[in-house]
Structures are given as C-alpha cells and as structure tokens.
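Please open the model in your viewer and keep a selection panel at hand. The stops below follow one another, each with something to select and something to look for.

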Amino acid sequence: MKLTDLWRTGSSRLLLVYGALFALWCVALIGVIQWDTRRYLSNVVDLKIDHISEYFLKIDRARLPEALAVTESLDLRDVISHGLFDAQGNLIEGNLARIPEGMPLDGKVHALENGVQRVQGHHPVRARGIAVKLPSGELLVFVRDTSVIDTVGAIIDRAVLWGLPLVVIPGLLGALLLSRQPLRRVRAMETAVQPIMRGDLRRRLPVSPRRDELDLLAGIVNSMLDEIERLMGEVKGVCDNIAHDLRTPLTRLRAQLHGLQRETAADDPRSALIEATIADADALLDRFRALLRISELEDLHRRAGFDDFDLAATLRHVVEIYAPLAEDKRVAFALETAEPLPPLRGDPHLVFEAVSNLVDNAIKFTPPQGRVRLRTSLESEGPRIEVIDNGPGIQACDRGAVVQRFYRGAGAQAEAGQGLGLAIVAAIAKLHSFRLEIAECDGGGAKVSLLCWAAEPAVA
Amino acid sequence: MPRALTIEDDTVTAGEIVAELTRRGLAVDWTTNGRDGYERARDGAYDVITLDRMLPELDGLSVVTRLRESGVQTPVLMISALSDVDERVRGLRAGGDDYLTKPFSPDEMAARVEVLLRRPGGGPRETALRVADLEIDLIARVARRGGVELELLPTEFRLLEFLVRQSGQILTRTMIFEAVWGYHFDPGTNVIEVHIGRLRRKIDTPGSVALIRTVRGSGYVLEAH
C-alpha cells in the first residue's frame, strides 16, 4: 500500500483537516493563556511599584536617602531600581544611572520599552516604572525589572514549540493507521470485483459484520449483482431451453427424413429435395449444438482443470487433423513456429477447440489455391497464435460483431457455417483471459490471433 | 431383448433416453434416485446402465464406485452436465465405461449405449482384428485388404482400428473424434468426413466391396455385407 494512496482516502483527509483545526485551536488557546499571564504579572508588578512609590511619598524628604538605601539593601533579588533626580535630571541618590528615556512623568506606572540603565549595569534591562514629582521639584523614580514576565512568556512559547509536534506527529501517524483499514477493505473489494468484471457473476463483494458505510455500499452492489445474475440467467436459460427443446423434435424430423430417403428411389426427382431438406435440418442442428456449446463454455467458471501443457504439441495436432481438409480444398496449410514456446497454462482441449475453430473458418473462407498459415510467435506477454488466410478477410466494421452469437460478416453469407465459430473462440479466450484480435493481413485476408499471455493465477 | 437401467432424476432427459433406447429395441427401467438405482443395478441383471452424475441421495460417482466394489461389471454410461476434463476423468476412474455430457443428442447417446452393449468381456487382448477380407495386425500395426498391405498413416491406422473394433456399430463423429484424437467436442461435419473419405479411398478400393458406410445424419459404420 503506497503512502500517497493512504493520503488519498476520505478518512485521511478528514483526519488531516480535523488535525490542522485542532493544532490551530491549541496555538490560539496557548496564545490567550500567554497573553493573560503576562497581563496578570504586569498588574502585580504595577501594584507593587505603586505601593512603593506611595510609601516613599509619605516619608520626610530629609530621611528619604536613608530609606532608599534600606530598601536597596532589602532588595535581595535586585529587581527594584530607584533614583532621586534633581530638577535638571541629575542623580542625587539611587542606583539608576539616569531618568529612563521616554518615561512619562505623570505619577503612573508605564512599561519602559527602551529599558533602564542602572549605575552598575552593563545593558539596559526591560522594566516597568513610575516617576513621581516631589513638592521640592525633585523627581523620584522607581522601576521594576520585568524579565521574569518575559521568562514566563518564553516558557509558554517553548511549551508550544515542543507541544505542537507532540500533538501533530502522533496525530499524523494515527491518521495513517486509521486510514489503512478502510483502504485495505477497498483493495479487497477491488480484488473481488476483478472476476466479476471478467464475467463470473456468481462472485460477491466482501461484507464485514461491522455494517459500516463500506459494507452498506458493498451490500448495494451485491444486490445489484444478484439482479444482474438473475436476469442473465433468465436470458441464457431461455436461449438454452429453445436450443434444447427444438433439438429433440429436429432430431426426430431428421430421422424421419432419412427414413423417407431410404424409401425413395435414387432416380426419383423428390430424392434431391429430401437431400436438401436433410442438409437444412443438419445445419439447424449444428447451430443449436454450437449455441449450447457456447452456453456450456460460459458456464465453465472453474479453472481448476487448468494445467501447464505443450502448446506446440496441441498446434501440431490441429495441423494433423485439418491438413487433409485443406488439401481436399487445394488450400496450402502449414504450421510456422519460429521459436520454442513456453508451456501454456490452461485447458489444452479448449485451446485445441479454439484454434481448430479458427483454422476451420480460415480453410472455409479461403478460395482454392489459397493459403492458410498457423503461425506462432513469442511476445513479451506470452505466446501469440495467429491464423492467417488469404480469403475475403473480415471488414473492420464487422470485427467487433463477429464474435457475437449468430453474427456473420458480409463475406460469410455465401459460405455454409453457423456463424458461431468465433463466438466459441471468444468464449474460450475469455475463460483463459487470452486476448482475441481480429485484423487484416497485408495481402487482404483475415488475421485472427490469440494472445495467450501468461494469465494471472487461476481463480479458484 | 437387452435390458437397460436409466438412473436419471430429470424427467425430461429420462424421457428422451427411455424413448430412444426403447425405439432401438431395449427394455428400459427407469429410476430417479441414486440409492434405489444402486439397489436395482446390483440385484437386476441389466446389460447396460445410463447413470446421471448428480442424483439425489447417492450421487452418480458413488453409485458406480459401489457397483464396482460389489463386483457388478455392467457397462455404465455416465451422463453429466459437467464437461470439465477432470470431471470426465473422475467419472471414468470411478468405474464408468463412457462419459457423455448434457445436452446430448439421442443418437449420440444411443450409439454409445450400443457400443457398450457389444463391449466384449475382458478376455485376452486380441493381437489381430478381422472384418470380411480386411485384417489388422495390432502388433506389427499393419492392415491388409484381401492380403494386400495397405499404406496407412498412423492416424489412419488408429481410425481404422477403432472402426474395426466397433464393426457393425454406428459411430458418431464425436465418438470417433474422442477415440482417435482424444478431444471431447463435436468437430463439425467436415473434418471427420474428410478423414473417413481418405481412409475409405485406401481400403475400399475399386472392385472390392465397400466396408465403410455413411449413416446419414448419424455417423459411420464399418461392416461386412
């Protein structure tokens, strides 16, 4: 099963869309959490700065430097910075190097995007701060380092970074695994449908006890097949019954005609008429025989009787049996085999019947002094058997139809025959999965070939 | 009058068989069921049995197997809708003497029954066959007519041997095709006719009595007049 096939299944697509939506939702959720956490932590920081500034505003100006120093010594984590600046902005007391850039001097807490520079610090650090004007005109500034908020944000970001693949990868694997089962069942159906397409209407699609949507579909197809099989059976049954029922009275009729012929003197003018009537009865009987034979071949679903056999030997047999027929008609008939043929899998009797039908037809339609060739060649797919004659040929428009029961091409009307030979060949070819091809050979004439490819393993 | 037993559950087919065999002078008993058929075949003195392959209660294969096991050697013509080669082989292996697939023509069935009726009991194998002044040496594989050796191709010899072995019997095209070439289908009128024609030209030489006769619409028979 190919990966691309798996992705093409409906369940894979549904799971993928669902997975993508799920991942998006996760990202959004974590974004909200991050935003809310940052907001909450900022509020806490702001409140703390507010409290500190309020506390220091209540302290007497003279004691302010001392109080600031105590605060600094108590700030063990070194997160709060402060500075007392004169009206010109020079630092009087504190650990802030200068008034942070762009800081509004309105007594409210603000985020200091450009950071603050401490006296001992190397780099500006991100912070939130407040600047309060003292009645003396001096400026008291408190800032609190906010890197802890950034750290919390980073932790959440990292969680997203690691969490997403942990969700997406098992999700994808799950999708693959889940879509395998339905796909496997569809493949099983595909396999089950092959023999049905080849004409074995007794086969049905597999239905599992789960009764899911695939089973429903298989069930619908199976009931359709039941109906098709019933209809085909009815048509065939009617056809067979007609052939079968008419054969008995016809046989009797012929026996009576023979009786009549025996009682008629050879020089009686009615003798010729009886003779012609017997010939007609024989032709009718032959036709029914062929019809019933086709029907019988179409019923042969079992290929258990198939075996490897020597095709060349079978073809030599055909030649042995048909050479006298060709000779009597003064038609040259020869077997042309260029290379040794591999053993063929099938029923040698049926292959013989098919080839002999082709040869019989070819001899029948080739005029005296003509030529019929039984030729074999080896193609990549398997051996090809060709029967080539230089009779009138089969017109391109007739080629599809000649394999049907009763159809006889325009050139065949003058010849005796049942018009069923090629239908028999077609039935045998179908049973073996051989390809029957009808073409015109170079000098006019018909070229009928059977491509006996190494057929797939026999259907049990 | 030879006696035949027809074991066949399909009334239409059975009717055809009984009518045709009766017409040819046989006394025919008919039963529809395998078990009953087996009992009657074992007890009754029949000369030939036509046996359907698929029967209620006891199928055709079992019937013939049991008959042979209990020592009944009556010739059996198996009649079946199953035409697979292995089905035929199975039928013959079980002890059937001939195998005919449905649908069949009554002529064909009767010709086969008549051949079975005349089948010699298993005596020593013949080394030579003779009809009128036609002799066949089965060991040297040569045939002579009136003492003159005939030049026959191997196929022609096989064909002649079959006709002589069944001399006096009507042999259908299918029977000839089966026996001489080993294929089980009706090859149509022409092929066998051509082969018989060639053989006839070799053995029925001008001035001699014709031995091979065409039975119009049925087949061929080789017999002394």
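In which order do the strands of the open sheet of 5 strands in chain A lie? As you select them, bear in mind that this is a predicted model; the order is β2-β1-β5-β4-β3, and the pairing is antiparallel. At the edges stand β2 (91-94) and β3 (110-116) of chain A, and because each has a single partner strand, one side of each is left without a neighbour in the sheet. Looking across the sheet, you will find neighbouring strands turned by 35° against each other on average, with direction ignored.

Next, select strand β1 (residues 80-85) of chain A together with β2(A): the two run antiparallel and are joined by 3 bridges. Within this region, A:L84 has A:E93 of β2(A) as its bridge partner.

Move on to A:F309, which sits in strand β6 (residues 307-309) of chain A. Because A:F309 has 17 C-beta neighbours inside 10 Å, this residue counts as partly exposed. Leaving aside residues up to four places away in sequence, A:F309 touches A:T314, A:P343, A:L344 and A:P348. Of these, A:P343 lies 34 residues from A:F309 in sequence, yet the C-alpha to C-alpha distance is 5.3 Å.

Finally, select chain B, where 8 helices and 11 strands can be displayed. Of the 225 residues in chain B, 39% are buried, and among its contacts with a separation of 6 or more, 58% join residues 24 or more positions apart.

Methods: Residues numbered from 1 in each chain as written. Chains lettered and ligands numbered in written order. Predicted model: local features only at pLDDT ≥ 70, side-chain atom pairs only at ≥ 80, totals over all residues. Helix = DSSP H or I, 4+ residues; strand = E, 2+ residues; numbered from the N terminus. Buried ≥ 20, exposed ≤ 12 C-beta atoms within 10 Å, placed from the backbone. Contact = placed C-beta atoms within 7 Å. Pairing = 2+ DSSP bridges. Axes fitted to C-alpha atoms, helices over the stretch in contact; angles between N-to-C directions.
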